[in-house]
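Welcome, and please open your viewer so that we can walk through this model together. At each stop you will hear what to select and what is there.

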Amino acid sequence: MRAIRLRTPGGLDKLEPAELPEPAPPGPGEIQVRIRASSLNYHDYVVVSGASKTTDGLVPMSDGAGEVSAVGTGVKEFKPGDMVVSTFFTEWLDGAPKEVGFARTPGDGIDGYARERVTAPVTHFTHAPRGYSAAEAATLTTAGLTAWRALVVEGGLKAGDVVLVQGSGGVSVFALQFAKAMGAVVIATSSSDEKLTRLRTLGADHLINYKKEPKWGAAARAWTGGRGVDHVVEVGGPETIGQSIAALCPGGHMALLGILTGLQGAVPTGLLMLKQVHVTGITVGSRAHQQQMIRAIEATRIKPVVDVHFPLEELAEAFRYQAAGKHFGKISLEI
C-alpha cells in the first residue's frame, strides 16, 4: 500500500513515498480502515520538521478518516462501510487525562495515517458525523477536539459568553464555530484584514488586527464595555499570553493550547492573581470528549472550513503551505 515515511533526523526533505505491506486482517476487537484523508496540524509539523525526536521510518500524521473495510470478532460498534475518524490519544478513553507525552499518539510515538490502510483496536476510532466526507471528518481528531475541550469541557461555555479567538488556523476557526453555534459572542484577532473579513463571514462579532492594535487585549476588553471576555482560546504562547490575560474578565478562563511563539516565556503572575482567572493547559481530549463533540456537530450542523487539498505524495508541499501561514482553517491531505 502507498504511504509516506519520515526518515531521521527529520525535515520536509526526509518525507519519502513508500510501499508498505498490507496490514493484517482485524483480530478480535479490531477494525480495518481504508484511510481516505488526513489533515495538517502544528503538532504534525513539529514531528516532521525534526523538532521532535522520532524513530526512523515513522508514518506521520495524527488525523485519519475513512471507511471501515472489515471488522474482527466481537466488534459491535462498527460495521463495514461506516465512516470513522481517528482518536489522538489512543488509550485515553474517558475520565481525567491519563497520558503525558505522545508515546501512543499516531504520527508521533506510533505510526500515523499517511497510508492507505490500517488495522487497529476499535478504540482508536469513533464514528464520523453523519454527512461528513472523509476530508471533513479528518479535521476533527486534533483541531476540532482541542477547540471543543477548550470551550465546552474545560470552559463550560454558555450562551451570552464572550470568546476571544486568535488567528484563523484550524483550532481558532473551530472555536469560533462552536462558540457561535452555542450562542456566544466572538472577538477574532488576526494580522490580516483579508482573513478578518473571512472570520466575519463565519460569525465573528468584532475584529481586531493585532498588528495595527498591539494592545489588543485592552482593545478587546474595551469592546466589552470594560468587563472583559469570558474565554480566551490561547494558541500563540508566551508572546501573546499577556494580552490574553489583559482581555479576560475577573474569573475568566484561558485555555492554553498553543506554542506558536515558543515553549517558554514570562507570565504576568501578578495580573493572573489580581484577576483570579482560570488557566487550563490543554492537549486535545479523550475518546469520550470526541464522541460528545460529534453529537454536538450533528445537532448544530457545523461544517469544518477546509482551505485546500493536497494529494498524499505532496505532503511536504502541504507542510510548506502551512509553514507559510497561507491557510485559513484546515489543510486536507487526500489519500
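The tour below starts with a pair of helices and then visits several loops.

Before you click, note that this is a predicted model, where local features need pLDDT of at least 70, side-chain atom pairs count only at pLDDT 80 or more, and totals for chains, interfaces and linings use all residues. Residues are numbered from 1 along each chain as its sequence is written, and side-chain values use heavy atoms, with hydrogens and water left out.

**Stop 1: a helix pair**

Select residues 140-153, helix α3, and residues 170-181, helix α4. Helices (H or I, at least four residues) and strands (E, at least two) are DSSP runs, numbered from the N terminus. The two helices pack at an angle of about 50 degrees, and their axes are 8 Å apart. Axes here are lines fitted to C-alpha atoms, for helices over the stretch in contact, and angles run from 0 to 180 degrees between N-to-C directions.

Now show the side chains where the helices meet. On the α3 side, look for Leu140, Ala143, Gly144, Thr146, Ala147, Trp148 and Leu151; on the α4 side, for Gly170, Val171, Phe174, Ala175, Phe178 and Ala179. Contact means heavy atoms within 4.5 Å.

**Stop 2: α3 on its own**

Among the buried residues are Thr141, Leu145 and Arg149.

**Stop 3: a cis peptide bond**

Go to proline 9, in the loop between β1 (2-6) and β2 (15-19). The peptide bond that leads from threonine 8 to proline 9 is cis, with omega near 10 degrees.

**Stop 4: an exposed proline**

Next, select proline 214, which sits in the loop between β10 (206-209) and α6 (216-223). Is proline 214 buried or exposed? Proline 214 is exposed, at a relative accessible area of 53%.

**Stop 5: two positive phi angles**

Finish with glutamine 276, in the loop between α8 (269-275) and β13 (278-281). Its phi is positive, about 55 degrees, although glutamine 276 is not a glycine. Arginine 301 lies in the loop between α9 (287-300) and β14 (306-311). Arginine 301 has a positive phi of about 60 degrees, although it is not a glycine.

Technical notes
Buried < 20%, exposed > 50% of the residue type's maximum accessible area, 1.4 Å probe, protein only.
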